[in-house]
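Colleague: I would like to learn how to read sheets and helix packing in a model. Could we go through one together?

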Amino acid sequence: MEREVFRNFSTFDEVLFYVLANLAMAIFAYGIFLKVRKYRRGRAAYRFDHLPQRLLRALAIAAGSTTIAKNDRFAGVAHAAILWGFVALFIGTTIIFIDNDILGVVAPSLRFWRGRFYLWYSLVLDLMGAAFVAGVALMWLRRKTFGLPQLDYSRVDYPPAQYSRLAYVRGDDLFLGLFFAIGVTGFLIEGLRIAADRPPFEVWSPVGWALADAIDLAGLSAPASSRLHFALWWLHGILALAFVAYLPFSKALHMLTDFANLMFRDDLAARRLPRPAAEPAPAHLGVETLGDLSWRNLLELDACTKCGRCHVACPARAAGAPLSPRDLVLDLREYADARLARPALEQPRFLGEHPSQKPDAILPGGVIQAETLWSCTTCRACVSACPVGIEHVPLIVEMRRRLVEEGAVEDSLREALESLGKRGNSFKQSDKLRGRWTKDLAFPVKDARKQPVEVLWFVGDYASYNPRLQEISRAVARLFHRAGLDFGILYDGEKNAGNDVRRVGEEGLFEMLAEHNVATLAKCRFGEIVTTDPHSLNTLKNEYPELGGRYTVSHYSEVLLRLVEDGRLTLNGGLGRRGTYHDPCYLGRYNGIYEAPRRLIEHAGVSLVEMPRSRENSFCCGAGGGRIWMDDSALAERPSESRIAEAIALGGVDYFVVACPKDVTMYEDAVKTSGNEGKIRVRDIAELVEEALAAEEAPGAAQTPAAAGAAPEAAP
Amino acid sequence: MNGNEPSPGETLMNIVVPLQQTPDLVEELEINADGTDIDRDAVTLQLSEWDGQALEEALLLKEAGAGSVTAVTIDGGEADAILFTALAKGVDRAVKLKPSGDAPTGLDHHALARLLAAAVAQLGADLVLTGVQSVEDLDGQLPVLLAAMLGWPHVSVVTGTELRGGAIAVKQEYSGGVMAELEARLPAVIGIQAARQAPRYAPVSKVRQIQKTAKLEEMPVEAPSGEAGLKIRRVFKPEIAGRAEILEGEPAEIAAKLVSLLKDRGLAI
């Protein structure tokens with residue numbers, strides 16, 4: 001029980017096949033060489049820690065197509081079918097190679113591709129081959145008939161007359177078409193061979209056997225089948241070899257680059273931005289030319305399969321800003337390939353002159369425009385949506401660093417940065433007034449610089465200076481006080497934590513602010529830090545450790561929940577309203593805090609209705625990454641307005657609950673500008689808790705608040 | 001202008017930008033003990049906003065090939081920070097002026113102009129760009145005084161400049177969207193209202209780096225004495241002179257209240 005590899009082949013045919021096979025592999029090797037040489041031209045980047053874990057994780061993701069199945073089960077299943085089909089067929093071909101071309105030459109007695117093994121081999125490969133063809137067909141169907149917005153290659157920043165992306169579409173078609181043709185011809189030659197020879201054991205190839213029956217039904221004679229088999233075998237062989245040669249120059253390369261990219265992914269990507277190299281100090285900060293990209297940057301550019309998930313997830317793109325994370329990656333890739341790794345297929349062209357003239361310059365005014373970079377809110381939706389581990393946000397920030405170093409920032413941003421540099425806040429207000437909001441409280445708030453506290457509250461700029469947000473800060477303070485929490489603030493010892501400053505690309509200012517805060521905090525005695533602002537939380541938690549500040553950092557929603565669940569604040573669900581909750585990017589997607597605010601909302605007696613875009617898929621308000629200091633008047637629809645529309649569409653929702661000071665300003669404004677005043681109220685989570693407490697106390701004056709004032713001061 | 005053919009080693013033109021330090025109005029101002037000035041020991045000083053515009057305009061001229069830019073400020077206060085920032089933005093020389101006598105405050109622009117006129121002469125300037133005004137100019141705007149003392153042509157409230165041979169073309173904006181273009185012979189003093197583009201940002205890392213590597217020049221200046229432009233009798237915080245009453249209620253009620261108020265005060269019959 002076996003079959004001939006080269007059925008009806010003359011010596012000439014066989015030699016020709018080996019010549020072609022070696023040619024294909026040579027082209028493949030050349031293509032891989034071009035890519036590897038390109039990566040080796042990149043700057044150093046250290047991603048070699050925990051190699052076994054990295055390898056296992058990449059294997060797990062690839063094996064399950066898990067990152068593809070996330071948010072798109074159809075694509076996940078189809079991809080898994082193709083991937084496993086391909087892997088099985090590849091292993092199957094390798095087995096034949098070992099058996100025929102190695103053992104057949106050096107030790108014919110050891111050949112094993114026969115007998116019982118051959119039967120199982122036939123069965124498994126037949127089924128996997130069927131899965132492969134079915135997967136390819138499903139993907140074709142999805143691509144051609146589903147009308148998915150993520151597969152629309154239209155650019156956001158150039159009119160259609162200025163570019164052509166037909167090459168992308170052709171590349172996709174070629175990739176799927178080649179796969180389909182290889183799969184189908186493979187089955188056809190199997191069917192024709194079985195129809196011609198009818199070896200009884202080939203019932204173990206169920207698909208081939210069924211095809212042979214169909215060929216018999218069609219009335220094709222055995223000799224005719226045999227002749228057709230010979231012709232189609234060549235076609236199949238040439239297609240397969242062509243695929244080998246084509247792989248490094250095409251979309252098919254993703255099989256290799258995506259695995260590598262997932263392996264060298266940074267778990268803290270965007271959460272903790274890279275520090276500029278200290279030794280040797282670079283001539284300039286950030287990324288200006290191709291030479292400033294690291295090998296991992298160049299690799300991640302090659303990893304993109306144009307799946308478009310980042311493109312549809314991006315709030316800037318949705319708002320009509322000239323940024324699409326997909327196009328940013330593709331533009332850089334085309335540029336890198338054109339300059340560092342010719343030749344490359346699938347290169348769409350700018351009609352007329354390419355925007356970039358300066359050799360190797362990405363910036364400024366090169367392939368990437370400054371406005372594109374400034375559009376990013378660093379919400380991390382792209383990084384989170386990317387199935388192959390591309391880290392768009394750090395790349396964007398690296399390019400922003402270069403713009404900042406050139407002093408090329410818009411006026412309002414410059415003023416904010418200058419104010420931050422001079423006074424530690426972006427409000428152009430005196431640093432001495434940072435703690436002034438506490439003056440309207442009925443109790444004093446401890447100065448954490450002067451006495452030890454259990455909880456050191458890092459209030460943040462917005463919650464300290466914005467009059468509307470000061471009300472919320474006072475609500476938080478009243479709740480902490482009422483629960484008997486031993487807390488204090490830094491008053492004018494606190495400066496902006498620097499999260500957004502860093503994401504703007506002002507690394508020097510970030511370091512200055514962080515160094516100040518680390519030094520101030522080093523002199524204080526406290527158990528943990530709590531922040532109002534999720535942005536502050538992110539940098540304190542993830543970035544300060546590199547600057548010598550290691551703390552336990554919580555969000556005020558977590559602390560409030562703890563106080564409620566420990567019985568220090570008694571909430572009995574008395575509010576009886578309907579509300580929806582907006583996950584702040586830096587709280588949810590960045591730091592995985594999804595539950596605390598939701599449970600607080602439930603405790604307050606608000607029944608939670610989720611928006612379509614929630615948790616990891618939450619939609620940014622548009623304020624992050626320093627956007628809050630920039631002009632957003634050019635946007636077609638501000639992300640915050642789109643978000644309010646999403647909440648209104650839920651129907652009958654009283655509250656739009658948020659847990660981030662910037663969200664309060666963004667959404668209260670959006671409710672007004674989108675004409676939805678009176679339809680929905682923006683409520684901070686602390687206001688909600690206070691409102692629920694008040695509602696529960698109001699009906700019965702006899703019911704004394706258990707926690708108020710009674711709790712002892714926690715020991716320092 | 002002849003900036004197209006720079007001869008090696010030779011500076012084409014020296015643009016001097018005097019930078020004034022004025023109180024940061026974000027901070028609370030206190031009156032000094034004798035009530036003749038704000039408490040200068042308590043204020044935070046910063047670069048005058050309009051001087052920042054003048055610096056930007058000078059840098060734009062430099063980038064167009066005009067020559068070199070020298071930033072000067074009187075020693076003390078925030079002088080170092082202001083000059084390092086100017087260096088980070090691209091000026092060629094940063095000079096701290098060390099007056100022989102007391103440094104004039106911003107309140108005495110006549111004294112300040114005399115000092116700067118001496119400094120400009122020492123530095124050999126071909127062009128002086130400075131802010132058209134400052135938050136402290138009580139006794140006249142600095143560029144006017146400076147030009148008068150130097151005996152140079154002068155244009156103020158300028159929003160853009162261009163060098164043309166031995167002259168400077170300047171833009172002025174008037175109300176109602178009317179623009180004027182004037183030309184002044186060099187050397188000249190130009191009072192800048194706004195630069196052609198928003199002042200550039202000096203990133204902290206660059207300023208920090210320059211602080212480590214660059215050295216600020218110091219230049220003693222003989223401050224000629226002369227009369228002050230004005231004599232200050234008393235400086236005081238705004239005093240409550242009257243009060244405002246806000247009428248509340250429905251439009252009809254408000255109207256009624258207003259009518260009775262006007263009648264009560266004899267303003268209407």
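**Sheets and helix packing**

Modeller: B:Ile15 stands opposite B:Leu127 in β6(B). This is a predicted model, in which local features need pLDDT of at least 70, side-chain atom pairs count only at pLDDT 80 or more, and totals for chains, interfaces and linings use all residues. Residues are numbered from 1 along each chain as its sequence is written, while chains are lettered from A and ligands numbered from 1 in the order in which they are written.

Colleague: What joins strand β1 of chain B to strand β6 of chain B?

Modeller: Strands of a sheet pair through backbone hydrogen bonds, either parallel or antiparallel. Two strands pair if DSSP finds at least two bridges between them; strands (E, at least two residues) and helices (H or I, at least four) are DSSP runs, numbered from the N terminus. Here two bridges join β1 (residues 14-18) to β6 (residues 127-131) of chain B, and these strands run parallel.

Colleague: In what order do the nine strands of the open sheet in chain B lie?

Modeller: The order is β9-β8-β7-β10-β6-β1-β4-β5-β11 (chain B), with mixed pairing. β9 (179-185) and β11 (217-221) of chain B are the edge strands, each pairing on one side only. From one strand to the next, the twist averages 35°; axes are lines fitted to C-alpha atoms, for helices over the stretch in contact, and angles run from 0 to 180 degrees between N-to-C directions.

Colleague: Which strands does helix α1 of chain B touch?

Modeller: Contact is judged by C-beta atoms, placed from the backbone, that lie within 7 Å. Helix α1 (residues 49-63) of chain B packs on the sheet and touches β1, β4 (68-74), β6, β7 (154-164) and β10 (188-192) of chain B. The direction of α1 makes about 145° with that of β6(B).

Colleague: And in chain A, at what angle do helices α25 and α26 pack?

Modeller: Helix α25 (residues 639-648) and helix α26 (residues 661-673) of chain A pack at about 75°, with their axes 9 Å apart. α25(A) and α26(A) are therefore roughly perpendicular to each other, a label for angles of 65 to 115 degrees; under 35 counts as roughly parallel, over 145 as roughly antiparallel and the rest as oblique.

Colleague: Which residues in α25(A) meet α26(A)?

Modeller: A:Ser640, A:Glu641 and A:Ile644 in α25(A) do, and their partners in α26(A) include A:Met666 and A:Tyr667. The residues of this contact of α25(A) with α26(A) divide into five nonpolar, two polar and two charged. Ala, Val, Leu, Ile, Met, Phe, Trp, Tyr, Cys and Pro count as nonpolar, Asp, Glu, Lys and Arg as charged, and the others, Gly among them, as polar.

Notes
Two residues are in contact if their C-beta atoms, placed from the backbone, lie within 7 Å.
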